[in-house]
Amino acid sequence: MISLLRVLRFAFQNFWRNVWLSVITVSMLTLTLLTVNLLLSLHVLTDAAIKAVENKVDVSLYFNEGTQVELVQGAAGYIRGLDQVRDVQIVTPEEALERFRARHAEDRLILSSLEEVGENPFGYTLIVQARDAADFGFILEALDHPQYRDAIREKDFSNYGIIIDRLNEATGKVRVVGLAVAAVLLLIAMLIIVNVVRMTIFIHRDEIGVMKLVGAGNTFVRAPYFLEAILYSATATGIAAAAVFGTSRVLAPRLQAYFGIVQADLFAYFATHPLPVFGLEFAALSALTILSTAFAMHKYLKV
Amino acid sequence: MIRFKNVSKIYRPHTVALKNINLHIKAGEFVSIVGQSGTGKSTLAKLLFAEERPTKGELVIGGWDVSRIRRGQIPLLRRQIGVVFQDFKLLQKKTVAENVSFALEVVGASPRRIRELVPHLLRIVNLEGKAGRYPRQLSGGEQQRVAIARALIHRPKIIVADEPTGNLDAINTHDIINLLKKINEFGTTVVLVTHNREIVNSLRKRVITLDKGEIVSDQEEGRYRL
């Protein structure tokens, strides 16, 4: 117990007596952790964004002009009966015309063309929302029903699929770049740790020499350096956690406004997962810094 | 107590520092190892506290076979052997008392034991009034006495003093040698490595003379002959 306390004291002394080296090391480790947390935030927000897009995704079924309302209602009832369907909305030709006019209110050319046609060119439309974007394929297949197939003029879905694909593709690329940046930062941090330990050994060579001379055990000589590595990791994790909580709290209202009804509260995510996120980051960082320290001591500390 | 049996020490690639050393030092002896620079005196001292290992032969110190000692056992051996150097090897940022207590701290001694032992040792080396001073505030002789106090803290069976008076004037040299003699009178084996003729001749103790890594003379109550 006494030895443990003394080892702790020596570790803290090393940390403070080489405070600028400690600051550099902790900064690099903190930057690495911030990059990792940025990637994690990106993952959380991407999920939220995909959910937001999926909520907006629907397929529009345009019926031929003059299709009987009974047929349209039958089709709506049939689609509603599918487990994959969340909601079906019937848009009458009049509503469709109204929406078209509202959407192109500024475009005189289109409006004048509509006037030239003279009559309502729109038929009935069904707007179908699926429970999951992946279900649209099944729903579209189901609409190939012989009773309705010939009455449907057009099915409009593909644009949203492209949006989701592009979103996944873009975030995938960002993740790869982010992971590469995190790996480079971590490598730099490990090299710094190796050199910090090397310099600390050099600075304390007299003290280490005397320790050896008077019969200090190898563990007693080496243990402060390992504890120092854990101290670096703990400080970096603490700073990174504070920065992540602070930033996510400030950004929370803006993110919520941007994503609308979809839950995109990063602060809540980190607050509800402190152990899996920061606990795991601390454990991984400690393992890596201890590994770097062990390498430096194997190379430079002869006891 | 200490037995060298055909001990050789060769530094790579082919520098022979010690060659076929056969030596027996009994418990409680005061032995001076003399010889010119580069004759292997310091190498012999380093073998005694396991700073170096023999390349050939067998070296046994108080039951420890230094030629085959495991790394984990070296600290235990060193707690049985006090070492004093020409350059004192004191920690400049620690006070006299802290330098002495450091030797106890690193082996896990209790604070109570440290509080008891340190003033006692400082009294023995006549530095009780200077516990709070830093090494730079002491004379060379006083610094060497701090080093001796530190060497004595584990109550070692052997003291190895490698040129302990090399940096001292005549008066301080006399004080340090008297202190080593006093320690020897209390039963501690003293191995003194020196090339100071006056010291060796005044001691009238056993003298082992090295030349080119070999023992060329071993005399009870010997004199410096080079």
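## Chain B at a glance

Chain B has seven helices and 10 strands. The model is predicted. Of the 226 residues of chain B, 44% count as buried. Among contacts in chain B with a separation of 6 or more, 66% join residues 24 or more positions apart.

## The six-stranded sheet

Six strands of chain B form an open sheet. Their order is β6-β7-β8-β3-β9-β10, and the pairing is mixed. The edges are β6 (81-85) and β10 (214-219) of chain B, each of which pairs on one side only. On average, neighbouring strands of this sheet are turned by 15° against each other, direction ignored.

Strands of a sheet pair through backbone hydrogen bonds, in either the parallel or the antiparallel sense.

## Strand β3 and its partners

In the strand order, β3(B) stands between β8 and β9. Strand β3 (residues 30-34) of chain B pairs with β8 (residues 189-193) of chain B in the parallel sense, over four bridges. The pairing of β3(B) with β9(B) is also parallel and also runs over four bridges.

Individual bridges can be named. B:Phe30 has B:Val190 as its bridge partner in β8(B). B:Ser32 bridges to both neighbours: its partner in β8(B) is B:Leu192, and its partner in β9(B) is B:Val207.

Strand β3(B) is mostly covered, with five of its five residues buried. In a regular strand, side chains alternate between the two faces of the sheet. Here B:Phe30, B:Ser32 and B:Val34 point one way from β3(B), while B:Val31 and B:Ile33 point the other way. All of these residues are buried.

## Helices across the sheet

Helix α1 (residues 41-48) of chain B lies across five strands: β3, β6, β7 (158-162), β8 and β9 (206-211) of chain B. Helix α1 runs at about 150° to β8(B).

Helix α5 (residues 140-152) of chain B lies across β6 and β7 of chain B. Its angle to β6(B) is about 165°.

## Contact with chain A

Chain B contributes 18 residues to the contact and chain A contributes 15 residues. On the chain B side, α2 (74-78) and α3 (96-105) each supply at least two residues. By class, the side of chain B that touches chain A has eight nonpolar, four polar and six charged residues.

Note on methods: Residues are numbered from 1 along each chain as its sequence is written. Chains are lettered from A and ligands numbered from 1 in the order in which they are written. This is a predicted model: local features need pLDDT of at least 70, side-chain atom pairs count only at pLDDT 80 or more; totals for chains, interfaces and linings use all residues. Two residues are in contact if their C-beta atoms, placed from the backbone, lie within 7 Å. Ala, Val, Leu, Ile, Met, Phe, Trp, Tyr, Cys and Pro count as nonpolar, Asp, Glu, Lys and Arg as charged, and the others, Gly among them, as polar. Two strands pair if DSSP finds at least two bridges between them. Axes are lines fitted to C-alpha atoms, for helices over the stretch in contact, and angles run from 0 to 180 degrees between N-to-C directions. A residue is buried if 20 or more other C-beta atoms lie within 10 Å of its own, exposed if 12 or fewer, and partly exposed in between; C-beta atoms are placed from the backbone.
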